[in-house]
Amino acid sequence: MTFHSMFFRVAVACAALFSLAPVGAAMADDIKPLSTAVLKSTTGLCKRGQICHKDRAGSWTPKTAIAILGVSVAEQADIDLYTDVEVSTRAEMYQCAGDDSKGCIFRAKYAGPGLFDYSANSGSTYIGSNITNTTIMFPTGYGIMVPAGEPIYIHLDVRNGSLIDLKVDQDAWIYYVPVD
């Protein structure tokens, strides 16, 4: 290898290395802060075999106008539990329909795996787990606008098909950016 070819290879390698630094810095400068609100909700104690419906089971009120870019609800049932979760600015569940859906943000349904032995009345009768997430992210440039001071609610409709009474808690994560 001649001195000139070695020099050329080193120069090319250095140029490539130095050209990466501004690209990485530019990408970091392009990242904008994303805020998260965690809405906690509960039905309270839901007795076995009962339907526990609770409008406004949890809420959060943004202090500034926001654009919601995504929502994630963790499915937390590893017993025989059917849950219908709605996140909206509506004060009651099931009020979103057709063209009258302003403030309707997110809705998900999930069910736990059920009982292993339906004739059992004691002991550990459950199998499996349904610990997953239901998430929606809106396309780039789109978001659900919520004015400052307008509450966002979590509504819950839970059917407890298990053999035990339980307190049903449900979190919803809202990913948003403030808007002017």
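**Exercise 1. Find which residues Thr-43 touches, leaving out residues up to four places away in sequence.**

Solution. Begin with the contact rule: heavy atoms within 4.5 Å. By that rule, Thr-43 touches Cys-52, Lys-54, Leu-156, Val-158 and Val-168. Helices (H or I, at least four residues) and strands (E, at least two) are DSSP runs, numbered from the N terminus. Finally, look at the accessibility. Buried means under 20% relative accessible area, exposed over 50%, and partly exposed in between (1.4 Å probe, protein chains only). Thr-43, at 13%, is therefore buried.

A word on the model before going on. This is a predicted model, in which local features need pLDDT of at least 70 and side-chain atom pairs count only at pLDDT 80 or more, while totals for chains, interfaces and linings use all residues. Residues are numbered from 1 along each chain as its sequence is written, and side-chain values use heavy atoms, with hydrogens and water left out.

**Exercise 2. Describe the make-up of the protein chain as a whole.**

Solution. Step one is to count the elements: the protein chain has one helix and nine strands. Step two is to read them along the sequence, which gives the pattern α-β-β-β-β-β-β-β-β-β. Step three is burial: 34% of the 180 residues count as buried. Step four concerns contacts with a separation of 6 or more; residues 24 or more positions apart account for 81% of them.

**Exercise 3. Locate the largest nonpolar core and say which elements build it.**

Solution. First, the term: a nonpolar core is a set of buried Ala, Val, Leu, Ile, Met, Phe, Trp, Tyr and Cys residues joined through side-chain atoms within 4.5 Å. The largest one here has 27 residues, and those with the most contacts inside it are Ile-68, Val-87, Ile-105, Ile-152 and Ile-174. Two or more residues each come from β1 (35-46), β2 (51-60), β3 (66-75), β4 (81-88), β5 (104-111), β7 (144-146), β8 (152-160) and β9 (166-178). With five residues, β9 gives the most. Now zoom in on Ile-174: beyond residues up to four places away in sequence, Ile-174 touches Ser-35, Thr-36, Ala-37, Leu-39, Ile-68, Gly-70, Val-71, Val-87 and Ile-152. As background, nonpolar side chains tend to be buried together in soluble globular proteins.

**Exercise 4. Work out the strand order of the open sheet of four strands.**

Solution. Two strands pair if DSSP finds at least two bridges between them. The order is β2-β8-β4-β5, with antiparallel pairing. The edge strands are β2 and β5, each of which pairs on one side only.

**Exercise 5. Describe the surroundings of Cys-96.**

Solution. Start with the place: Cys-96 lies in the loop between β4 and β5. Its relative accessible area is 28%, so Cys-96 is partly exposed. Leaving out residues up to four places away in sequence, Cys-96 touches Glu-86, Arg-90, Ser-101 and Cys-104. The C-alpha atoms of Cys-96 and Glu-86 are separated by 9.9 Å, and the two residues are 10 apart along the chain.

**Exercise 6. Find salt bridges and compare the accessibility of their partners.**

Solution. The rule is a side-chain nitrogen of Lys or Arg within 4 Å of a carboxyl oxygen of Asp or Glu. The whole structure has five salt bridges; here are some of them.

- Lys-40 pairs with Asp-171, the closest N and O atoms being 3.3 Å apart. Because Lys-40 lies in β1 and Asp-171 in β9, the pair ties together parts that are 131 residues apart in sequence. Lys-40 is exposed, at 56%.
- Asp-100 pairs with Arg-90, with the closest N and O atoms 3.0 Å apart. Asp-100 is partly exposed at 49%, whereas Arg-90 is buried at 16%.
- Lys-167 pairs with Asp-169, the closest N and O atoms being 3.5 Å apart. Lys-167 is exposed at 54%, while Asp-169 is partly exposed at 37%.

**Exercise 7. Decide whether Gln-170 is buried or exposed, and find a polar atom by its side chain.**

Solution. Gln-170 belongs to strand β9. With a relative accessible area of 1%, Gln-170 is buried. A polar atom of its side chain lies 2.6 Å from the backbone oxygen of Ala-74.

Conventions:
A polar contact is a pair of N or O atoms within 3.5 Å; within protein, one must be able to donate a hydrogen and the other to accept it, and residues adjacent in sequence count only if both atoms are side-chain atoms.
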